[in-house]
Amino acid sequence: MSHDSHGHTHDHDAHPDHDHGSGRWKHDGVRVIKGDKLDANTAQTPGMLRQAAINQARVGAQKIWAGTVRIEPNAKTGVHHHGELESVIYVVSGRARMRWGDRLEYVAEAEAGDFIFVPPFVPHQEINADPTEPLQCVLVRSDNEAVVVNIDTVDPVEKPEAVYWVDPIHKHP
């Protein structure tokens, strides 16, 4: 046991594997993945480009997958889901129109700065709602592999029903 300058007690033997002098974390610690070094060798869906940044193969991630998604102006993706995985999408730039449901009967939009949550097994489609700018997003999933199940048997409804985010803070427009 030792005391620091503030009188706090530290037990340096609590984590014997964490020998601060051995350089153990040098190559097995924090990793920076440059934006121009992402890997497009990941599961794809027509209409979008996914690139992996964080996964098992690249950094040894055990519980998450992270990467980017780009959708060209006026483009829409094929319908797909991500199996048991939960997905979080952060919109960096552009306007995302999400359609989901067994017949893509629901729709909501998100813009730069917004987060989108996609639960397991929900059939969905991303649409770039901007006719001139690409839609760029960051994507995080709850497992280290990019599970993508592309679905070509969905018969979409023509006019999806808009779903608004309503809670005590956000009232229906």
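Modeller: Two strands count as paired if DSSP finds at least two bridges between them. The model before us is predicted, and this rule can be applied to it at once.

Biologist: What makes E7 and E8 a pair of strands?

Modeller: Six bridges join E7 to strand E8, residues 106-111. The rule asks for at least two bridges, so E7 and E8 are paired, and they run antiparallel. Arg97 stands opposite Glu109 in E8. E7 and E8 form a hairpin with five residues between the strands, and in this hairpin Gly101 takes a positive phi near 115 degrees.

Biologist: How do you know that E8 and E13 are paired?

Modeller: Strand E13 covers residues 161-162, and two bridges join E8 to it. Since the rule requires at least two, this pair meets it. E8 and E13 run parallel, and Val107 has Ala162 in E13 as its bridge partner.

Biologist: What makes E3 and E9 the edges of the open sheet?

Modeller: The open sheet has five strands in the order E3-E4-E11-E6-E9, with antiparallel pairing. Strand E3 (49-54) and strand E9 (115-118) each have a single partner strand, so one side of each is left without a neighbour in the sheet. On average, neighbouring strands of this sheet are turned by 25 degrees against each other, direction ignored. E9 pairs with E6 in the antiparallel sense over four bridges.

Biologist: Why is Ser87 called buried?

Modeller: The relative accessible area of Ser87 is 1%. Buried means under 20%, and therefore Ser87 is buried. Ser87 is found in strand E6, residues 87-93.

Biologist: What makes the approach of Ser87 and Arg141 a polar contact?

Modeller: The side chains of Ser87 and Arg141 are in polar contact at 3.3 Å. The limit for such a pair of N or O atoms is 3.5 Å, so the distance lies within it. Beyond its neighbours within four places in sequence, Ser87 is in contact with several residues, including Ile116, Phe117 and Leu139.

Biologist: Which residues have the most contacts inside the largest nonpolar core?

Modeller: They are Val69, Ile71, Ile89, Val91, Ile116, Leu135 and Cys137, in a core of 17 residues. Strand E4 (65-71), E6, strand E7 (95-100), E9 and strand E11 (135-141) each supply at least two residues of this core. Residues touched by Ile116, not counting those up to four places away in sequence, include Ile89, Val91 and Met98. In soluble globular proteins, nonpolar side chains tend to be buried together.

Biologist: How do you know how many aromatic pairs there are?

Modeller: Rings pair if their centres lie within 6.5 Å. By this rule the count comes to two aromatic pairs.

Biologist: Why is the pair of Tyr90 and Phe115 called tilted?

Modeller: The centres of Tyr90 and Phe115 are 4.8 Å apart, and the angle between the planes is 55 degrees. Planes under 30 degrees apart count as stacked and over 60 as edge-to-face, so an angle of 55 degrees makes the pair tilted. Tyr90 lies in strand E6 and Phe115 in strand E9, so the pair ties together parts that are 25 residues apart in sequence. Tyr90 also stands opposite Phe115 in E9.

Biologist: Are Tyr90 and Phe115 buried, partly exposed or exposed?

Modeller: Tyr90 has a relative accessible area of 30%, and is therefore partly exposed. Phe115 has 62%. Exposed means over 50%, so Phe115 is exposed.

Biologist: What makes Trp100 and Tyr106 an aromatic pair?

Modeller: Their ring centres are 6.0 Å apart, with 40 degrees between the planes. The limit is 6.5 Å, so Trp100 and Tyr106 pair, and the angle makes this pair tilted as well. Trp100 is partly exposed at 25% relative accessible area, and Tyr106 is partly exposed at 30%.

Biologist: Why is Arg99 called buried?

Modeller: Arg99, in strand E7, has a relative accessible area of 12%. This value is under 20%, so Arg99 is buried. The side chain of Arg99 reaches the backbone oxygen of Leu104 at 3.0 Å.

Notes: Residues are numbered from 1 along each chain as its sequence is written. This is a predicted model: local features need pLDDT of at least 70, side-chain atom pairs count only at pLDDT 80 or more; totals for chains, interfaces and linings use all residues. Side-chain values use heavy atoms; hydrogens and water are left out. Buried means under 20% relative accessible area, exposed over 50%, partly exposed in between (1.4 Å probe, protein chains only). A polar contact is a pair of N or O atoms within 3.5 Å; within protein, one must be able to donate a hydrogen and the other to accept it, and residues adjacent in sequence count only if both atoms are side-chain atoms. Contact means heavy atoms within 4.5 Å. Axes are lines fitted to C-alpha atoms, for helices over the stretch in contact, and angles run from 0 to 180 degrees between N-to-C directions. A nonpolar core is a set of buried Ala, Val, Leu, Ile, Met, Phe, Trp, Tyr and Cys residues joined through side-chain atoms within 4.5 Å.
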